[in-house]
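Biologist: Please put the model up, and then I will ask about confidence, helix faces, charged pairs and the surface.
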Amino acid sequence: QLKMSTFNDALDQIKDGMIVGIGSGSTIELLVPKIAEKLEQEQIKITGVCTSNKTAFIAKELGIHIIDVNDVDHIDIAIDGADEIDNDLNLIKGGGGALFGEKVIDAMAERFVVLADDSKCVDYLGQTFKLPVEVDKFNWLLVAKRIKAYDELKVTRRMVD
């Protein structure tokens with residue numbers, strides 16, 4: 001079922017014993033302390049799998065048990081933010097540089113919850129945010145040339161971790 005979720009909606013879906021995919025970005029950095037608080041208040045345990053090193057660091061500092069994605073064969077629920085969302089619930093993710101990790105963890109999840117406020121809602125994707133494309137350093141120049149071939153699009157190369 002597709003719907004806009006609030007922090008409380010997302011937190012309510014986290015249950016004892018779950019493997020939880022924890023996304024990246026400013027929205028998730030606000031959510032992680034709330035997850036830690038829920039675990040302490042309800043005396044439940046989860047295993048977290050994070051899409052970025054930064055999120056993993058924050059979660060570990062707050063006492064959330066975090067493991068590597070290669071150590072799980074499934075994820076019960078993944079919670080992440082978005083950079084833009086259109087009226088058909090298509091979204092742009094990965095602007096913070098964790099696109100590949102987000103795709104892997106979100107695809108492994110039985111349920112995927114996206115948290116976003118009204119500022120992320122747009123009429124069309126790309127309205128307020130550049131489309132991130134993550135490529136390996138091995139072929140970045142070829143990919144950039146192919147993208148530029150479409151309607152004179154501008155390609156900006158950015159290095160992140």
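Biologist: What is the mean pLDDT of the chain?

Modeller: This is a predicted model, and 94% of the residues of the chain reach a pLDDT of 70 or more. The mean pLDDT of the chain is 87.

Biologist: Which element of the chain has the lowest mean pLDDT?

Modeller: Strand 1, residues 19-22, has the highest mean among the elements, at 98. The lowest mean, 83, belongs to residues 140-148, which are helix 5.

Biologist: Within what arc do the buried residues of helix 4 fall?

Modeller: Helix 4 covers residues 99-108, and its buried residues are L99, E102, I105 and D106. Seen down the helix axis, the buried residues of helix 4 line one face, because they fall within an arc of 140 degrees.

Biologist: Which exposed residues does helix 4 carry on the face turned away from its buried side?

Modeller: A residue counts as exposed when its relative accessible area is over 50%. On the face of helix 4 turned away from the buried side, the exposed residues are F100, K103 and A107.

Biologist: How many salt bridges does the structure hold?

Modeller: Side chains of opposite charge can pair when their charged atoms come close. The cut-off used here is 4 Å from a side-chain nitrogen of Lys or Arg to a carboxyl oxygen of Asp or Glu. On that criterion the structure holds four.

Biologist: Where do E42 and K38 lie, and what is the N to O distance of their salt bridge?

Modeller: Both residues lie in helix 2, residues 26-42, and are four residues apart, about one turn of the helix. An α-helix has 3.6 residues a turn, so residues three or four places apart point the same way. The side chains of E42 and K38 meet in a salt bridge with an N to O distance of 3.3 Å.

Biologist: Which residues are linked with K93 in a network of salt bridges?

Modeller: The side chains of K93 and D80 meet at 2.8 Å, N to O. That pair links distant parts of the chain, with K93 in the loop between strand 5 and helix 4 and D80 in strand 3, 13 residues apart. The side chain of K93 also meets that of E102 in a salt bridge, at 3.6 Å. The residues linked with K93 in the network are therefore D80 and E102.

Biologist: Which residues form a nonpolar patch on the surface?

Modeller: One member, L131, is found in the loop between strand 6 (109-115) and helix 5. L131 counts as exposed because its relative accessibility is 63%. The patch has about 270 Å² of accessible area together, and its residues are L131, V133 and V135.

Biologist: How many disulfides does the structure hold?

Modeller: C50 is buried, with a relative accessible area of 15%, whereas C121 is partly exposed, at 37%. A disulfide requires a pair of cysteine sulfur atoms within 2.5 Å. The number of disulfides in the structure is zero.

Note on methods: Residues numbered from 1 in each chain as written. Predicted model: local features only at pLDDT ≥ 70, side-chain atom pairs only at ≥ 80, totals over all residues. Heavy atoms only, no water. Buried < 20%, exposed > 50% of the residue type's maximum accessible area, 1.4 Å probe, protein only. pLDDT = per-residue confidence, 0-100. Helix = DSSP H or I, 4+ residues; strand = E, 2+ residues; numbered from the N terminus. Patch = residues over 30% accessible without salt bridge, like charges linked within 9 Å, V, L, I, M, F, W, Y side chains within 5 Å. Areas by Shrake-Rupley, 256 points an atom, 1.4 Å probe, with all protein chains shown as cover. Arc of directions from axis to C-beta.
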